[in-house]
Amino acid sequence: GEFLQRAAEADSSQAQLKLAKALQASGEAEDVGYWLQRAADNGEAEAQAVLAKAAPSTASEVDRESPQGVQVRSLLSLLDAATNERDLDLMMDPIAPDAKIRVKLPEQSGFQTMDREQLRGLWDATFGKSERYRFARVRSRSTQTERGVRVVSTIREYLTTGNTTRQLKLDEVMLVDVSGLSPKIRDLSLTITPVDGSGPQG
């Protein structure tokens, strides 16, 4: 239940694996892959085995040099540059107007659903809280699914005001439609957690 969800969001790999199984059992398949991937990234062997077994048929890794891979890489480069420049128009442009957006903020126990304008407001508020801002995509992995390319990324945010830097970790999952001329983000999920030793500054 809620305790399991909280433990999974707090980065417990065992809880992430259990939550993936529970969601699968209850027919809520949509988030199963997300939590399996999180558990696998955190070293949970069973999750890694499940994903490896599923890979050939359902979610093969996207070749970086394939047309889809090139589109995804150019999208990530654009988003990273736009975010570091604090260019809200450019950041929002690739997100489809009807995209499903879910964000979990550090002080919240669950995800909140947003539209594009609310997400824009959240980024605007984030930029407003810091004199200097840096956004670094630490790693990302793209897999092909029936609905598009699923991109799972780990991102670090650095918000500096005066001599104080607050560091946040963003776990980002995007579903990218690469069927058109330019890639469009159809689903976006962001989990934001403070990094130890950089708690909220009053």
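**The sheet and its surroundings**

Modeller: Of the 202 residues of the protein, 44% count as buried, where buried means under 20% relative accessible area, exposed over 50% and partly exposed in between, with a 1.4 Å probe and protein chains only. The model is predicted, so local features need pLDDT of at least 70 and side-chain atom pairs count only at pLDDT 80 or more, while totals for chains, interfaces and linings use all residues. Residues are numbered from 1 along each chain as its sequence is written, and side-chain values use heavy atoms, leaving out hydrogens and water.

The protein has seven helices and six strands; these are DSSP runs numbered from the N terminus, helices being H or I of at least four residues and strands E of at least two. Along the sequence the pattern reads α-α-α-α-α-α-β-β-α-β-β-β-β.

Now the sheet. Its six strands form an open sheet in the order β2-β1-β6-β5-β4-β3, with mixed pairing; two strands pair if DSSP finds at least two bridges between them. At the edges are β2 (112-114) and β3 (132-145), each of which pairs on one side only. Neighbouring strands are turned by 20 degrees against each other on average, direction ignored. Axes here are lines fitted to C-alpha atoms, for helices over the stretch in contact, and angles run from 0 to 180 degrees between N-to-C directions.

At the β2 end, three bridges join β2 to strand β1 (residues 95-104), and the two run antiparallel. In this pair, I101 stands opposite M114 in β2.

Helix α3 (residues 32-41) lies across β3, β4 (148-161), β5 (164-177) and β6 (184-194), and runs at about 60 degrees to β4. Helix α5 (residues 67-84) packs on the sheet and touches β3, β4, β5 and β6, its direction making about 165 degrees with that of β3.

The loop between β5 and β6 holds P183. Is P183 buried or exposed? P183 counts as buried because its relative accessible area is 12%. Not counting residues up to four places away in sequence, P183 touches Q71, L75, P94, V176, D177 and V178, contact meaning heavy atoms within 4.5 Å. P183 and R86, by comparison, are 97 residues apart in sequence and 21 Å apart in space, C-alpha to C-alpha.

For the whole protein, among contacts between residues at least 6 apart in sequence, 54% join residues at least 24 apart. The C-alpha trace spans about 50 × 45 × 25 Å along its principal axes.
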